[in-house]
Every structure is written in structure tokens, then in C-alpha cells.
Amino acid sequence: MPWKNAHVFSPSTFYVDRVCYTKILPQETPGNCIMRVPLDNKADKVICGPGLRRNGDEVLVCKSGILRHKPPNLYWIDSIQKRYVPAKGESVIGIVTVKSGDVFKVDVGGSEQASLSYLAFEGATKRNRPNVQVGDLVYAQFTIANKDMEPELVCIDSCGRANGMGVFGADGLLFKVSLGLVRRLLAPQSDIVKDLEKTFPFEMVVGMNGRVWVRARTAQQTLIVANLLESCENMTTQQRQALFRRVADRVT
Amino acid sequence: MRETPLSNCERQFLLKAIEEKKRLDGRQTYDYRNIKITFGTDYGCCVVDVGKTRVLAQVSCELVAPKDNRPTEGIMFINLELSPMASPAFESGRQSELHVTLNRLLERCLRNSKCLDTESLCVVSGEKVWKIRIDVHVLNHDGNIMDAASIAAITALCHFRRPDVGIQGEEVTIYTPEERDLIPLSIYHMPVSVSFSFFQQGTFLLVDPCEREERVMDGLLVIAMNKHREICSIQSSGGIMLLKEQVLRCSKIASVKVCEITELINKALENDRKVRKEGGKFGFAESMAKERITALKSEIAPVEMIDIEEKAEDIICRTGAPCDTVPSPVVRAPGTGQVGEGLQNAWGLDEMEEEEEEEEDDIEQGGPEKQPESETITSKKGDVVVISDSEEEEVVILHQGVEVKDFREEMSSGQKQATSASKKKKKKRKLAH
């Protein structure tokens, strides 16, 4: 796991408008250091994100994709993936499958179901249990997520406040997109979200596991937003903007 | 792997949308998804796409002894496989309820409707008859496997050709495709099944449910019909109570849909027949759209044709003598062949450029004996690759995968069902590309 010897970075802070390098394949640099890092005086350690692995003094590539860099010292590989692998600190949308005793089992799309304790909600005590049913959607964060243990989720942050997490989702539609699209949506100045805002008002919850939940005023509008998001995966910016503009004209 | 559970909000939303007559992909209540039928190079192999649901059917034949109680009839064996490739909900090995239901439905649709003339499959009464075997594999499950499977099965049956048989007294001769053309099976009619899903205790009805709609439906009604408005089989599952008017209305809708689908099947068969007769290219690789992101072939690269003759002569003068060539392939042992290995590189490039050429040019492949005279490439990077006008060797441009297909066509002549399993695997691999 590339995270082992690196700082944990919430991927929602990545943005891709910096310099990008050429595509790198894992076999291309067997054992060679792939980059000459311009050592700023500020940072004398390099943080390796997903797709990069540290091997003693060297940094190796373990996934194919585009190498990205966020100054001062953050590097990662942008790869195309649909299957989610749980990682600590990521916020995901999960579906509650089993409610047994003190824990809920939540399906997050990974190889294993994650566990969510009933005390990990804001204001929950042993007497005051949260109102969670099987089949509900929860927006939660991973506290433990590695390949050796069962992943664990919580719906509170370190201060004990919910901060937007918890059970949600009456009335909306849940659908699945690729992980790359999800990262693009979560980027701070995302073009896709800006274009989508111009069509009509709607609510959206984006999970890092590729699941997106939307709700608009009517079912028709919700379906439109869902279909637009699913289809703008492989479009160029112009195609996407043209499509969104067409939809906005039809709706108004 | 476990399947993703359906959340409550999805279920509520879907039911609410259906009440408002809205479907997830924008279809109307009685609309089918896009149906696409493609054929492979072998007769009897076809892939049917209904939206994203994809199903492969393969028909093969074998001479066996007939059943004791029916000595003059051939045997038809139908098998549908649900592999984990289609959906994480399917487990290999164990026969789930869905698997059994689909198999029974498909058998009833094809066998009991007597669409195939089994009497014509008899070779020697009581001793040898043809056993026609239809294998249907589900490659992707996005709802409504039954319809896709029935379309695939009947199309594959219509597409299939069996070897011709001659009887002289006691002797029975089976002719290879080279001796006598393969003959088609005698099909009386084409039964196609249409699925109707019911919601809210039978109040709402949808034709051709997709996977999420199937998960929230209350009941399913499957009607198998042919274009002459004869019902071949009808089955209602899910335990909902259907009124007589509803069933009659469904059968009317089914007859309209079946006519459209039968027309589509006939058109596809006709196109394939035409292409094969004219000697054009056929098979799965040809029917794949070339503009898709997942297309295998790279774009046609434009080649500069200015001053081509001078350049060609120049190149020919400059090249060295060709190295010794080996007629390819060399057969080391039965079943293994060696092509080109261990010979000197006749392309005359250094390593770096060779890699570049390999990356761009998937299309051109030539055996070692074709290289020396016909293709010579300069060592300078900027020069244009020119195929000289030499008349000695014919430059054959092979497409990826056709080599394998040609081999298999030679193999399959005269061989029977034994190789159909390996054929299926190769088809699956090609599709997985």
C-alpha cells in the first residue's frame, strides 16, 4: 500500500491544474528513481501519493497513469480505476447491510464490508441509539483502512461533531461512476460542478468510492442530472459544456 | 464476490419514478433498449446486445445415436451458463434458482415450440442422428437475460450450417466443407421471448426491465411468440395476481415487439450472408465500431507519397543484403510452431525505433520471409516508411487476430463438437479485448 510510509492526504485536496508529466508505466523505470525533485528549502521530504511507493531511497511507480505534482513536495499518479480500495481518511457513501448488536455492517464497494459502530454518530450514547435501518445510505469517513484489517467507519470527526456525515438520502437517486470522475467532482474549482450548477438547482453527495447521490426538485430532473454525470466521463470540456447548455435550454 | 445491496432510497426513487412513467434511461414504457446482433467467423456463433446486457450463443453439431423412443428424430440440447463474469451475484459451480429458471424457460421456448425440424436431422434411422447443441453464455448482466438469450439462441440456430451427409447403401459419408457446402438447419419459425415486469401489485408495467428495475419489480411475465402470432410459451413468476385483460394486453404488445425483433434478426442474417458471399470480412472484429475508446485498431496514419519512386529506389540501393530466412512457421513438435525466433533482425533498425514502430503499427505484421525485399526502413527518424513496389512478394497486411481465425477455420473443417469448447474460449477472449 503506498500509504504506509507517507503522510495521509485527503484526496479531495488534489487538484490537477499543475504541471503534469508524461505517462509513466510501472515497468519503465525498474528500480530507478523517477524524478529529480527540485528540493525547496521549505520541504526536505517528498510526499508520495497513490501510485507511488517508496523503496528505501528510491521512489517506484506501481500504477500506470499520469504523474502529477502539487508544490511544494506532493507527487502522485492519476490512474483510471473503477474498483474502490478503502483508504484511511476518505469519505465514502455506504449502504447499511446488517444491523447486529453494537455495529452496523456497511457496504462501501470494496472487497470487504466496513463496520460502523452505533456510538460513532453525533450525540449517540448507549441509551440514545441512532436511527439507522438496513438499506440506509450513510456518509462516513474511514478511521482504519488497510489490507490486513477490516475497515472501520465513523460518522463524526475528531471533535465529536457530525460535520455533514451521517444518514441521508430520502428521495434521491444513487448511482455509480468511475473514481477519476469523482476526484474531478471533488476538486476545489471543479468545472463540471460549475457547469452543472447552471442547469437547475439540485443537491449532490459525492463519495470517494465512486458513488454519487443526487436529488433535484422532480424525479425527472434527478434522472437528468444522474444521466449527465454518468455520460460526462469521457467527454472533452467543449462537448460537456455543449451538452449541459442544451439540457439547460430544454429545461427552462 | 457479493453483489451491491439495493439501498432504500434507490428503491423508493425507482418506484416513484415508475409511477410517474419515468424510466432510468429515459425510455418509454413499451420501449426496448438497443438490440445489436453480431456474428462470429464460425457459423452458429452470435453475440446479442440488449442495451448493456450481452449474451453469446454458439451452436455445434455431433453425430450420436438417437433416443430409444424416438429413433428417427435428432436431438436438440440447450444450455445456458451464468458465469461470474456477467455479474458478481452469480457464482460459478452452484446452480442458482435464476439459472434453473432461465434454462427451463429457454428450453420450453425452443424445444416445445418445435421450431427446429428434428426429423431432418436423422441420418440413419435408429443409429445415427445429428445432435444440435446450443450453448448460451451470459457475458454481462444488465437485466432481461431471458430475452437476450432467446434472441441469441434462435439467431445462432438460423445462422448455423451443418456438414452435408451422403448415404450410399450401408456407407455414410460426412463431407468436409471443402467437398460440399455446409447446409443450414431447417427452422420452421423463430420464437422470441418478451419480458414484462410488474410493479405495485400489477398496477404498472414495463417492457424489457434493466437490472435495477428487475430488483424492485414485484413479478415478471415472459411470453414467447413468433411473428405469426402463435404463443410458444408463457410464464408468470413472482406470485402477483394478473387480470385476464392484463395478460391479453401483454400478448398484444408482445406480438408487435416480436415482429420488430424478427425483422431485425432477419436483416442481420441477410447482411452476414451477403458479406460472406461477396468474400468481404466478417466476424466480431469487423462489427466493432472503430470510433470507440476501446477500439483495438489505431487510426490509419497518412503516408506521404511525394517523390515516392525516387525514394524507393534510393532505399533499395542503400540496403544491405537480406539475411537467411526460414520458411515460417517451423513445426517443432505437433501442436507447436515457431515463427521468426532466433533469427537476425531483418528490419535494420536500432532498438529504440523498433519499439516506436511496434507501438504504432499493430496493423502490419509480416513473416520473416516477407521482410527483406518488400519492406526496408531507414535508420533516420524523420523519414517516411515506404513499402516498395517489389513484385516478388505479396505484402499481406494482417489484422490483429485474423491469423488466429484463419488457423481455426482450417482446423474446424471436418472436426466436430470436440473443439467447440476451445472455440468458445477463444471467442470469449476476443470479446474480452
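Which residue takes a positive phi in the hairpin of β8(A) and β9(A)? A:Gly109 does, with a phi near 90°, in a hairpin that has six residues between the strands. The model is predicted, with local features needing pLDDT of at least 70 and side-chain atom pairs counting only at pLDDT 80 or more, whereas totals for chains, interfaces and linings use all residues. Residues are numbered from 1 along each chain as its sequence is written, chains are lettered from A in the order in which they are written, and side-chain values use heavy atoms, without hydrogens and water.

Strands (E, at least two residues) and helices (H or I, at least four residues) are DSSP runs numbered from the N terminus, and two strands pair if DSSP finds at least two bridges between them.

| Antiparallel pair | Residues | Bridges |
|---|---|---|
| β7(A) and β8(A) | 91-100 and 103-107 | five |
| β8(A) and β9(A) | β9(A): 114-117 | four |

A:Ser100 stands opposite A:Val103 in β8(A), and in the hairpin of β7(A) and β8(A), with two residues between the strands, A:Gly101 has a positive phi near 65°. A:Val106 has A:Ala114 in β9(A) as its bridge partner.

Between the chains, 18 residues of chain B are in contact (heavy atoms within 4.5 Å) with 23 residues of chain A. Together they bury about 1,700 Å², 60% of it on carbon and sulfur atoms, where buried area is the accessible area (1.4 Å probe) that two parts lose on being put together, summed over both. B:Pro5, B:Cys9 and B:Phe13 supply 31% of the area that chain B buries against chain A, more than any other three residues. Helix α1 (residues 8-19) of chain B gives the most to the side of chain B that touches chain A, with six residues.

Terms used:
Contact means heavy atoms within 4.5 Å.
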